[in-house]
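Work through these exercises with the model open beside you. Try each task before you read its solution.

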Amino acid sequence: LEEEAFSEEVSEAAPRRAQMGTDVHQRYFAAQDAMQYQKEVTVRWEGTWRDLQVRVEGRADGCRRTPGGIMVEEIKSTLRDASQMADLRAVQAHIEQCGFYCLFLERAGTPVAGGIVKYISIPDGSIREFEVGYRSAVYGEMFDRRLIALVKDYRERQDQALNFIRNHPDI
């Protein structure tokens with residue numbers, strides 16, 4: 001019963017929290033110079049990888065024009081004081097996300113200067129930035145490792161499904 005109450009509480013709070021995040025993004029975008037900043041940039045990569053056709057799609061929160069190329073920005077809203085971001089696992093995941101956006105933009109022919117993840121505190125508007133140490137070779141290798149793991153997982157699930165069907169011919 002307690003789990004059900006908690007689940008209902010979380011599901012009721014989720015739309016409110018999502019709206020808070022949207023509001024943070026909209027305020028941030030409104031403060032940017034439209035001549036130097038493009039919000040919500042679709043990023044995609046399609047290609048052949050080890051005899052498989054692969055398509056990856058995402059959306060960077062923004063791209064800023066700099067003399068050295070595009071600076072990719074990933075904006076994250078938080079209920080915490082942004083200066084106290086301590087969940088390094090989450091921070092690392094967001095840095096990798098931004099780095100992959102850099103990789104895919106670069107592969108599409110866009111000069112990339114780097115990336116930055118910005119945490120914006122909902123309560124006070126404070127911002128904490130984490131630079132993405134973007135190097136295409138590093139993120140290319142990381143992407144390969146991720147694809148290897150995804151394909152392995154997919155094939156294992158496929159084998160499990162086929163074995164289940166073989167073992168249950170009456171289904």
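**Exercise 1: an exposed residue**

I171 counts as exposed, because its relative accessibility is 73% and the cut-off for exposed is over 50%. The model is a predicted one.

Task: Find where I171 is found, and name the nonpolar surface patch members around it.

Solution. 
- Step 1. Locate the residue. I171 lies in the segment after α3.
- Step 2. List the patch. L162, F164, I165 and I171 make it.
- Step 3. Give its area. This nonpolar surface patch covers about 430 Å².

**Exercise 2: a residue in strand β2**

Task: Is V56 buried, partly exposed or exposed, and which residues does V56 contact?

Solution. 
- Step 1. Classify V56. Its relative accessible area is 24%. Buried means under 20% and exposed means over 50%, so V56 is partly exposed.
- Step 2. Collect contacts, leaving aside neighbours within four places in sequence. V56 is in contact with V43, R44, W45, F104 and F143.
- Step 3. Check a distance. V56 and K39 are 17 residues apart along the chain, and 19 Å separates their C-alpha atoms.

**Exercise 3: strand pairing**

Task: In which sense does β2 pair with β1, and over how many bridges? Repeat for β2 and β3.

Solution. 
- Step 1. Take β1 and β2. They pair in the antiparallel sense, over twelve bridges. V43 stands opposite G58 in β2.
- Step 2. Look at the turn. The hairpin of β1 and β2 has two residues between the strands, and R50 takes a positive phi near 50 degrees there.
- Step 3. Take β2 and β3. This pairing is also antiparallel, with five bridges. The bridge partner of R64 in β3 is M71.
- Step 4. β2 and β3 form a hairpin with two residues between them.

**Exercise 4: the nonpolar cores**

Task: Which residues touch the most other members of the largest nonpolar core?

Solution. 
- Step 1. In soluble globular proteins, nonpolar side chains tend to be buried together.
- Step 2. Pick out the residues. The largest nonpolar core has 31 residues, and V72 and Y139 touch the most other members.
- Step 3. Trace the sources. The elements that give two or more residues to this core are β1, β2, β3, α2, β4, β5 and α3. The largest share, nine residues, comes from α2.

Terms used:
Residues are numbered from 1 along each chain as its sequence is written. This is a predicted model: local features need pLDDT of at least 70, side-chain atom pairs count only at pLDDT 80 or more; totals for chains, interfaces and linings use all residues. Side-chain values use heavy atoms; hydrogens and water are left out. A nonpolar core is a set of buried Ala, Val, Leu, Ile, Met, Phe, Trp, Tyr and Cys residues joined through side-chain atoms within 4.5 Å. Buried means under 20% relative accessible area, exposed over 50%, partly exposed in between (1.4 Å probe, protein chains only). Helices (H or I, at least four residues) and strands (E, at least two) are DSSP runs, numbered from the N terminus. Patches are made of residues with over 30% relative accessible area and no salt bridge: like charges are joined within 9 Å, nonpolar side chains (Val, Leu, Ile, Met, Phe, Trp, Tyr) within 5 Å. Accessible areas come from the Shrake-Rupley method with a 1.4 Å probe; for residues, only the protein chains shown count as cover. A salt bridge is a side-chain nitrogen of Lys or Arg within 4 Å of a carboxyl oxygen of Asp or Glu. Contact means heavy atoms within 4.5 Å. Two strands pair if DSSP finds at least two bridges between them.
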